[in-house]
Amino acid sequence: MAASPAYALIATDLDGTLLRGDDTVSDRSLAALARVARAGVRHLVVTGRPAPRVRPLLEHLGCTGLAVCGQGAQVYDAASGRLLWSVRLDRELAETALGKIEAEVGQVYAAVDQDGVDGLTLIEPGYLMPHPTLPAVRVGRRDDLWCEPISKVLLRHAELSDDELAAVARAVVGSLATVTMSGPGTVELQPSGVTKATGLALAAERLGIAAKDALAFGDMPNDIPMFEWAGHGVAMANAHPELKAVADEITLSNEDDGIAVVLERLFPADWPASAPTD
């Protein structure tokens, strides 16, 4: 039996969407994802986290295929453990963009995700990790952030809200970089023109799946391009208002198994199973 005629691809954000607040995936969500896999539907993680910070979770989920990481700057193949595609953020452009932002709002605190499957997350003095469970290396000064090629820059401000900082950054950065907001305390600069949609489109093309056959789940403004690309976008109840405004549907929160609720509706327990296709 073929996969559900509704969707051939399920794309899920991680933080605030598939993951609960303690960075775990519920048994109900795991069961729902296993159900769609038996129906022949592909599941792709599409996350702002870089590939090195995603690998352990992919192993837990049993994902052996593709994952879109680094806000779309990386397409990672879990089976081979290598990046099939990656885009770097020019370090000089990143420094220039930071200078423009600080000229408007004063000091910001920065971190970077290095490129590559073994890249580190480096944080400058004063930067606080929004996800304290994720590993990071503190450096002595900002110049040390640029020691290796990077995929993105993460920004925080002592007083401005994420929305305020993102708005200023978008206004002054221009074409130097793409500005996104991916979670509490997470305003980011990534390569110009790169979004979750660009990475997801590349992965879907490799799998031979059209955008109209994709179902996407998310919770933050960085998921907007993914929703615009996919055939159907589902925002979590805890989602940012900007994402809810463009969503086709709103489900329960990440803590209340919102993804599972939708997948159980689309793929009921008696749905005929089939082996996943390549």
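In which crossing, left-handed or right-handed, does H1 pass H8? The views below are taken from a predicted model.

**View 1. Packing of helix H1 against helix H8.** The crossing of H1 past H8 is left-handed. The pair comprises H1, residues 27–38, and H8, residues 258–266, whose axes lie 9 Å apart at an angle of about 35 degrees. On the H1 side, the contact is made by Arg28, Ser29, Ala32, Leu33, Arg35 and Val36, which meet Ala260, Val261, Leu263 and Glu264 of H8. Sorted by class, this contact contains six nonpolar, three charged and one polar residues.

**View 2. The largest nonpolar core.** This core has 32 residues, and Leu215, Phe217 and Leu263 have the most contacts inside it. Two or more residues each come from H1, helix H2 (51–61), strand E3 (66–69), strand E12 (214–218) and H8.

**View 3. Surroundings of Leu263.** Leaving aside residues up to four places away in sequence, Leu263 touches Ile10, Ala32, Leu33, Val36, Leu215 and Phe217. Among these, Ala32, Leu33 and Val36 belong to the H1 side of the contact with H8.

**View 4. Cysteines Cys69 and Cys147.** No disulfides are found in a search of the whole structure. Cys69 is buried, with a relative accessibility of 0%, whereas Cys147 is partly exposed, with a relative accessible area of 48%.

Definitions and conventions:
Residues are numbered from 1 along each chain as its sequence is written. This is a predicted model: local features need pLDDT of at least 70, side-chain atom pairs count only at pLDDT 80 or more; totals for chains, interfaces and linings use all residues. Side-chain values use heavy atoms; hydrogens and water are left out. Axes are lines fitted to C-alpha atoms, for helices over the stretch in contact, and angles run from 0 to 180 degrees between N-to-C directions. Helices (H or I, at least four residues) and strands (E, at least two) are DSSP runs, numbered from the N terminus. A crossing is left-handed if the near helix is turned anticlockwise from the far one by less than a right angle, and right-handed if clockwise. Contact means heavy atoms within 4.5 Å. Ala, Val, Leu, Ile, Met, Phe, Trp, Tyr, Cys and Pro count as nonpolar, Asp, Glu, Lys and Arg as charged, and the others, Gly among them, as polar. A disulfide is a pair of cysteine sulfur atoms within 2.5 Å. Buried means under 20% relative accessible area, exposed over 50%, partly exposed in between (1.4 Å probe, protein chains only). A nonpolar core is a set of buried Ala, Val, Leu, Ile, Met, Phe, Trp, Tyr and Cys residues joined through side-chain atoms within 4.5 Å.
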